[in-house]
Structure formats: structure tokens, C-alpha cells
Amino acid sequence: MAQISTRTTGSGVVVIRPEGRLNMVAAPQLRNELHSQVDAGHARLVIDLSATDFIDSSGLGVLISGLKVARQAGGDLRIAAPTVQVTTVLELTNLDRVLRTHASPDGAFDDQS
């Protein structure tokens with residue numbers, strides 16, 4: 001199971017950092033965290049993928065689910081610092097066109113206060 005840490009930036013953006021494999025075992029944990037954050041009123045989310053060394057279809061599904069709930073709540077979900085494997089999967093599935101990728105989690109919402 002992946003370890004998940006969260007923090008909030010000074011501008012109120014919640015950064016969620018899953019570590020390890022984001023697969024069918026770890027995906028429900030991340031989904032619960034994303035939905036809990038949105039339910040608590042935090043609709044601007046960044047998923048820091050710098051420590052995620054593997055993602056599969058379950059992990060991708062959680063990212064899309066999180067994007068949907070964040071946008072329905074008036075916010076957005078962005079991803080930051082994806083590893084090579086994650087970047088490759090996003091490109092192969094064309095999800096890199098849907099999920100905005102940023103170099104660092106702290107700069108992901110710089111275009112929006």
C-alpha cells in the first residue's frame with residue numbers, strides 16, 4: 001500500500017503526495033483522500049507524483065475521479081513532478097492532455113490565486 005502525505009500551501013492549495021506504487025491496492029486510499037479533501041472544502045488539489053514509481057489504470061482512474069470531483073466543487077486537480085514511468089503512461093493514454101502537469105507542486109496554481 002502506498003504511503004500518502006498531505007500538506008496545504010500558503011495559498012490554500014492541498015498537496016497530496018502518494019509514495020510507491022499507485023495501483024489497484026493503493027488507488028482506493030488515494031480516492032478516499034481526494035474525496036475527503038473536496039468534502040472538507042478544499043477543491044484546489046495538486047497530486048505530487050515525484051515519489052510515485054508506478055501507476056496503472058486504477059491509479060489513472062483515481063486521478064480522473066479526483067479531477068471530476070474537484071471541478072464539480074469549483075476547483076481543479078493538477079499533477080506535479082511525475083516520474084518517468086508516470087509520464088510515459090500519461091502520454092500513452094493521452095491523459096497528459098487532460099491532466100495539467102507542472103514541474104513542482106508549489107507552482108501548480110501560480111496562474112490562479
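Analyst: Because the model is predicted, local features need pLDDT of at least 70 and side-chain atom pairs count only at pLDDT 80 or more, while totals for chains, interfaces and linings use all residues. Residues are numbered from 1 along each chain as its sequence is written, and side-chain values use heavy atoms, with hydrogens and water left out.

User: Why are H1 and H2 called roughly parallel?

Analyst: Helix H1 (residues 27-39) and helix H2 (residues 57-72), both DSSP runs of H or I with at least four residues, pack at an angle of about 10° with their axes 9 Å apart. Axes are lines fitted to C-alpha atoms over the stretch in contact, and angles run from 0 to 180 degrees between N-to-C directions. Angles under 35 degrees count as roughly parallel, so H1 is roughly parallel to H2.

User: Which residues of H1 and H2 meet?

Analyst: With contact meaning heavy atoms within 4.5 Å, the residues of H1 that meet H2 include Leu30, Leu34 and Val38, and those on the H2 side include Val62, Val69 and Ala70. By class, the contact of H1 with H2 has seven nonpolar, six polar and one charged residues, where Gly is counted among the polar ones.

User: What makes Asp106 and Arg7 a salt bridge?

Analyst: A salt bridge requires a side-chain nitrogen of Lys or Arg within 4 Å of a carboxyl oxygen of Asp or Glu, and the closest N and O atoms of Asp106 and Arg7 are 3.0 Å apart. Asp106 lies in the segment after strand S6 (101-102) and Arg7 in strand S1 (residues 3-8), so the pair ties together parts that are 99 residues apart in sequence. By this rule the count comes to five salt bridges.

User: How do you know that Arg78 lies over the face of Phe109?

Analyst: The rule asks for NZ of Lys or CZ of Arg within 6 Å of the ring centre and within 35 degrees of the ring normal; Arg78 lies over the face of Phe109 at 4.2 Å from the ring centre. The charged end of Arg44 also sits over the ring of Phe109, 5.2 Å from its centre.

Terms used
Helices (H or I, at least four residues) and strands (E, at least two) are DSSP runs, numbered from the N terminus. Angles under 35 degrees count as roughly parallel, over 145 as roughly antiparallel, 65 to 115 as roughly perpendicular and the rest as oblique.
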